[in-house]
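Q: I'm new to this one. Can you walk me through a few local features?

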Amino acid sequence: MPSLSNTPSAPSHRIALLAFPGIRAFDVSVITEVWGADRTDRGVPAFDLRRVAADPAPVPMRGGLTLTPDRTLAWLDRAELILVPGLDDHTTPAPAPVLEALRRAHARGTTIASLCGGAFTLAQAGLLDGRRALTHWALTDLFRARHPRVRVEQDALFVEDGNIWTSAGTAAGLDLCLHLVRIAHGAETAATIARSMVTAPFRAGSQAQFIEHPTPRTDRDLDALADVRAYALSHLHEPLTVPALAERAGMSPRSFARHFTAATGTTPRRWLLDQRIATAQKLLERTDLPMPEVARRAGFGSEITMRQHFAIRLTTSPRAYRASFAATPTPLHAS
């Protein structure tokens, strides 16, 4: 059965939203907005999102809301991606049939992803034993205490281990959903969905989920960092360095790196690499530019360097990525 992974594969269209009493309405809304809206007129695949539960009874949620299932657990045999919302009470036990259905789905190789406290449900099913996983930063201690066999991460937005994805709190669940779209359907599809939701199309999973500001920063520092990021995005084809960006911001390299990380949750070098990879993905999807020119425009310097970074970050090659996700390319001549 096809499944999502770090390696681009055939598009996955059958999506299951797993429902049982106690799930968070916010996470249900995120999942529904990403996969449940019809955006085929903008080139987005027609996803088949189903609300799956142990029985057809309405599922109560906080605030007087209810979710009406349209499929029972048997439909999980057909699903290519199963999404588990977080919980209002993170100690809520999932129904035994739900946990067993998750175990069977994982044994079949189906991709499973949880949002926020949904990791507690996966851990109840025993799917996270010995695996890397995370949840909302404020729940980390509770998660470790209740599930000591899980290798709990903390400084990330989402992680994958053994075809199981877990994400941090609230907005990070949206980041994971868009990432799952990106690796199954390409960066352009994910960006189209993000634009319609008026949200950022790309936040790397390795970014810290909790950004602290240990020292007061002036508006001038914030403006300088924003200006530098904007400058970098418009000059990715150039050999940008952290010292050069720091000089542009009027800071020492050490001070610049500290302020940048505090403001964005990632280092300047990692942020630059993330943007270069995202730019290369878009060029591979949208254009028929030769690989050396894609590498140059994305700022990698050489096709070899670009290929190395694709292998590390995406576990695929630029050529394989283009073969999987290229739309009708727009002819662009090297310049």
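A: Arg248 lies over the face of Tyr231, at 3.6 Å from the ring centre. A charge sits over a ring if NZ of Lys or CZ of Arg is within 6 Å of the ring centre and within 35 degrees of the ring normal. This is a predicted model: local features need pLDDT of at least 70, side-chain atom pairs count only at pLDDT 80 or more, and totals for chains, interfaces and linings use all residues. Residues are numbered from 1 along each chain as its sequence is written, and side-chain values use heavy atoms, with hydrogens and water left out.

Q: Which exposed residues does H8 carry on the face turned away from its buried side?
A: Glu247 and Arg248. Exposed means over 50% relative accessible area, buried under 20%, partly exposed in between (1.4 Å probe, protein chains only). Helices (H or I, at least four residues) and strands (E, at least two) are DSSP runs, numbered from the N terminus.

Q: And which residues of H8 are buried?
A: Val242, Leu245, Ala246 and Ala249, in a helix that covers residues 242-249. Seen down the axis of H8, they fall within an arc of 105°, so they line one face of the helix. That arc is taken from the directions from the helix axis to the C-beta atoms.

Q: What caps the N-terminal end of H8?
A: Thr241 does. One of its side-chain oxygens lies 3.2 Å from the backbone nitrogen of Ala244.

Q: What follows H8?
A: Gly250, with a positive phi near 75°.

Q: New topic. How many aromatic pairs are there?
A: The count is 6. Rings of Phe, Tyr and Trp (its six-membered ring) pair if their centres lie within 6.5 Å; planes under 30 degrees apart count as stacked, over 60 as edge-to-face and the rest as tilted. One of them is Phe256 with Phe260, a tilted pair at 5.6 Å centre to centre and 50° between the planes.

Q: Where do those two sit, Phe256 and Phe260?
A: In helix H9 (residues 253-264). They are 4 residues apart, so about one helical turn separates them.

Q: Are Phe256 and Phe260 buried or exposed?
A: Both are buried. Phe260 has a relative accessible area of 2%.

Q: What kind of pair do Phe260 and Trp271 form?
A: Edge-to-face, 5.8 Å centre to centre with 70° between the planes. Trp271 lies in helix H10 (residues 268-286) and Phe260 in H9, so the pair ties together parts 11 residues apart in sequence. Trp271 is buried too, at 11% relative accessibility. Ring pairs link Phe256, Phe260 and Trp271 into a cluster.

Q: Which charged end sits over the ring of Phe260?
A: That of Arg229, 6.0 Å from the ring centre.

Terms used:
Polar contact = N/O pair within 3.5 Å; in protein donor to acceptor, adjacent residues only side chain to side chain.
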